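Hello,

Here is the structure I promised to pass on. My notes follow below it.

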Amino acid sequence: MKRCLALLLTALLLFTFAPAASFGVEQYYIQGAVLQTEGLELTDDGLIAVPFTLEGFAQGQKFLSVQFFVDYNPNNLELVRCDADPLTELNALGSTVEVHPEINDIATETGRQFRYAIAGSSGLSFNEEPLLVLYFRVADGLRYGTQLNLELSGLELSLIPAEEGGLPVSFDGFFGENGSITINPRAKFYDGETLVHSVGYNLGDTSVTEPEVPQHAGYICSWPESYELPINGAVINLIKDPITYVATFVDENNQTVGTVDFTLDDTVEEVLAKAPAVPKKAGYIGNWETFELKAENITVAPVYTRGLYGDADCSGEIAAADAAAVLRFTVRLQDLSELGRLQGDVTAPYDGSPNSADAAQILRWCVRLITEFPIEAED
């Protein structure tokens, strides 16, 4: 009789998912239960995370327990952690559920089997969150391209009738999906954002065949001397050590004024900020010539631009106002720009600091008493 009842319950779950079975005055129901993995994935710390969900509903008036079993190969996988909430979400009947999330695996003839159980009174229902997550470590030496399988080997729903000493009526089997993941770790070699080479490797390898080192002018390039090859793949970036070059700044006679070390990681502006001052030349505005940073030592010479002598206010013409500007500059009533001071300094010693003598010469030029300034006569 009991065997017949068990077969009847099995048929109901497998084919109809319909309620209805009666034992004396006790009523209990099992509706379709599906145990499945939600997809295996690698975690950042190189473990395989396997989330499990149990979809469906089971209700009994007294006591109900759910167990499932997962088989795995201990030669490839080591179960290191099992995460589960302290309590699984209950149905409206307020059932109490006891969860056992500790690692509970045993040896079998073909490998190892993880067993997980929850139990409660009145009934159980499950939300969409994973019932639990198993974390496996993959063994070193596993070959590239190996497929790892987890077999959901059993789902048991047990309901116990009310009578004292009653035997559990259970369904032993499952609907669901087994889980598998293929281990394909690859070492990817990058030159900046450019993928140079990609190669697969076996777990436990300490090196791979490296591609030819890309070369860049101004740099000593190399791949890292050592790197890790984890289960979730490796990214190996080209090392570019910049070579140091020298910028030599010279005067008009090609005599060295100063030097600045640079690499191609520097900018022209950064080099100019460290450069010496341009040697002064009376009546001229000096700047360093335009240059580029190259993968070689460079020489930088000055470039001088002649100003409009007498144009102290930089208006573009020579007038009495320039003489007035020089006089006001002399008594500190007005400041002149660097160009204005150079153009207003028309008499010796041509030091870029005009005075009353320069103002007098400018006025003499304005009334045509002279046709050129003393500085022009010396050019």
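The largest pocket has a volume of about 330 Å³. A pocket here is an open set of points on a 1 Å grid over the protein atoms alone, where a 1.4 Å probe fits, with protein on both sides within 12 Å along at least five of seven lines. Points are joined across faces, edges and corners, and the volume is the space filled by probe spheres set on them. Its lining counts 16 residues, with K280, K281, Y284, E338 and L342 nearest the centre; a lining residue has an atom within 4 Å of a point. Two elements each give two or more residues to that lining: β21 (284–288) and α4 (338–344).

This is a predicted model, so treat it as such: local features need pLDDT of at least 70, side-chain atom pairs count only at pLDDT 80 or more, and totals for chains, interfaces and linings use all residues. Residues are numbered from 1 along each chain as its sequence is written, and side-chain values use heavy atoms, with hydrogens and water left out.

Overall, the protein has six helices and 23 strands (DSSP runs numbered from the N terminus: helices H or I, at least four residues; strands E, at least two). Of its 379 residues, 40% are buried (under 20% relative accessible area, 1.4 Å probe, protein chains only).

Now the cores. A nonpolar core is a set of buried Ala, Val, Leu, Ile, Met, Phe, Trp, Tyr and Cys residues joined through side-chain atoms within 4.5 Å. The largest has 22 residues, and I48, L134, F136, V138 and I183 make the most contacts inside it. β4 (47–72) is among the strands that supply at least two residues. β4 gives the most, with five. V138 touches I48, N76, L77, L148, I183, L203 and I231, leaving aside residues up to four places away in sequence (contact: heavy atoms within 4.5 Å). A second, separate core of 17 residues includes Y304, Y309, I318 and A325.

Next, N202. It sits in the loop between β15 (194–200) and β16 (219–222). N202 counts as buried because its relative accessibility is 13%. A polar atom of its side chain lies 2.6 Å from the backbone nitrogen of Y144. N202 also touches L142 and R143.

Last, helix α5 (residues 356–366). D358, A359, Q361 and I362 are buried there. Seen down the axis, the buried residues of α5 fall within an arc of 160°, so they line one face (the arc is that of the directions from the helix axis to the C-beta atoms). Just after α5, R368 takes a positive phi of about 65°.

Best wishes

Notes
Buried < 20%, exposed > 50% of the residue type's maximum accessible area, 1.4 Å probe, protein only. Polar contact = N/O pair within 3.5 Å; in protein donor to acceptor, adjacent residues only side chain to side chain.
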